[in-house]
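Please look over the model below with these notes beside it. They go point by point, and each point is brief.

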Amino acid sequence: MCLFCFSKEKLSQDELQGKYGGAYGNFIDNNETFAVSLCKTPMKSPLVWCGAMACLCPAAIYMRKKALNHVEPGSGWSNYTCCQGYFGGCCCIQPGKIGEKSCPCMCMCLEATCCLGPAVSATSNVIREQYSLGLDEDDVRLIRCSNCLFYFSFCLSCVSRLTDCEGDDALAAIVNTVSDVVFCCVSGCMTAQVNHEMELRDEGSSPPQYSMQR
């Protein structure tokens with residue numbers, strides 16, 4: 001229920017600042033959204049949701065390849081770049097310049113291991129860009145909730161390191177655990193949402209099947 005404490009209004013310009021917020025800026029004005037909202041994916045695709053939470057890194061790798069080949073069938077890993085370029089780079093690590101063409105599978109494994117959040121979001125953005133999809137109310141609320149927990153847990157961790165109070169350490173551990181659980185749930189929801197959208201689009205584009213009658 002605490003999710004509904006967060007605003008459902010469009011992300012503000014301040015929230016779109018930086019390379020991470022800017023990754024969603026291109027989709028903020030799109031009216032069409034995913035067929036299933038994030039909060040409804042556990043009911044619509046429970047197996048994918050549970051599987052993604054149980055195996056986040058393998059699920060992120062599998063879904064990236066599936067998304068890339070959904071956009072361009074038969075392309076394999078040829079269109080892969082780190083986070084698909086949505087989240088920029090850091091110092092000498094720049095998308096498209098870290099050996100993705102020669103070792104795409106290894107690079108994707110490193111991406112899913114070291115940058116799991118951006119990896120899941122990048123796959124979602126691949127489908128958003130393909131079909132010009134925007135952010136629905138659940139997207140905005142969950143993003144704000146997840147970000148709030150992350151920064152809150154970070155601040156508490158800093159406080160617990162600077163003080164000797166045992167209560168601070170316990171509180172920081174609790175908030176960190178809650179933040180991790182929310183992250184897993186949101187990542188599972190994003191994965192299930194993207195998978196459901198691709199399957200829905202594939203069904204709509206497949207030729208009709210006719211049965212012969214005698």
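1. In which helix is the place of asparagine 69? Asparagine 69 sits in helix 4, which covers residues 56-71. Helices (H or I, at least four residues) and strands (E, at least two) are DSSP runs, numbered from the N terminus. Before going on, note that this is a predicted model, in which local features need pLDDT of at least 70, side-chain atom pairs count only at pLDDT 80 or more, and totals for chains, interfaces and linings use all residues. Residues are numbered from 1 along each chain as its sequence is written, and side-chain values use heavy atoms, with hydrogens and water left out.

2. Start with the overall fold. The protein chain has 8 helices and 0 strands. Read from the N terminus, its elements run α-α-α-α-α-α-α-α. The chain has 214 residues, and 41% of them count as buried. Buried means under 20% relative accessible area, exposed means over 50%, and partly exposed lies in between (1.4 Å probe, protein chains only). Now take contacts, meaning heavy atoms within 4.5 Å. Among contacts in the protein chain with a separation of 6 or more, 76% come from residues 24 or more positions apart.

3. Back to asparagine 69. Is this residue buried or exposed? Asparagine 69 counts as buried because its relative accessibility is 19%. Its side chain reaches the backbone nitrogen of serine 75 at 3.1 Å. That is a polar contact: a pair of N or O atoms within 3.5 Å, where, within protein, one must be able to donate a hydrogen and the other to accept it, and residues adjacent in sequence count only if both atoms are side-chain atoms. Setting aside neighbours within four places in sequence, asparagine 69 is in contact with Gly74, Ser75 and Gly76.

4. Next, the cysteines. How many disulfides does a search of the whole structure find? The search finds 0 disulfides. A disulfide is a pair of cysteine sulfur atoms within 2.5 Å. Cysteine 105 is in no disulfide either, since the nearest cysteine sulfur, that of cysteine 109, is 6.8 Å away. Cysteine 82 is buried, at 15% relative accessible area. Cysteine 105, at 41%, counts as partly exposed.

5. Check two backbone angles. Cysteine 83 has a phi near 55°, a positive value in a residue other than glycine. Cysteine 83 lies in the loop between helix 4 and helix 5 (104-114), and at 6% relative accessibility it counts as buried. Serine 132 also has a phi near 55°, again positive in a residue other than glycine. Serine 132 is in the loop between helix 6 and helix 7 (137-162). With a relative accessible area of 44%, serine 132 is partly exposed.

6. Now look inside. A cavity is a set of points, on a 1 Å grid over the protein atoms alone, where a 1.4 Å probe fits but cannot get out; lining residues have an atom within 4 Å of a point. Grid points are joined across faces, edges and corners, and a volume is the space filled by probe spheres set on the points. The structure holds 1 cavity of 30 Å³ or more. The largest cavity has a volume of about 50 Å³.

7. Which residues line the largest cavity? They are Ala60, Met63, Val120, Thr123, Ser124, Met190, Thr191 and Val194. Helix 4, helix 6 (116-131) and helix 8 (166-205) each supply at least two residues of this lining. The lining divides into 5 nonpolar, 3 polar and no charged residues. Here Ala, Val, Leu, Ile, Met, Phe, Trp, Tyr, Cys and Pro count as nonpolar, Asp, Glu, Lys and Arg as charged, and the others, Gly among them, as polar.

8. Two last residues. Serine 121 is in helix 6 and is buried at 10% relative accessible area. Beyond neighbours within four places in sequence, serine 121 is in contact with Tyr24, Phe87 and Met190. Leucine 149 is in helix 7 and counts as buried at 18%. Leaving aside neighbours within four places, leucine 149 is in contact with Val175, Val178, Ser179 and Val182.

How values were computed
On a 1 Å grid over the protein atoms alone, a cavity is a set of points where a 1.4 Å probe fits but cannot get out, and a pocket is an open set with protein on both sides within 12 Å along at least five of seven lines; lining residues have an atom within 4 Å of a point.
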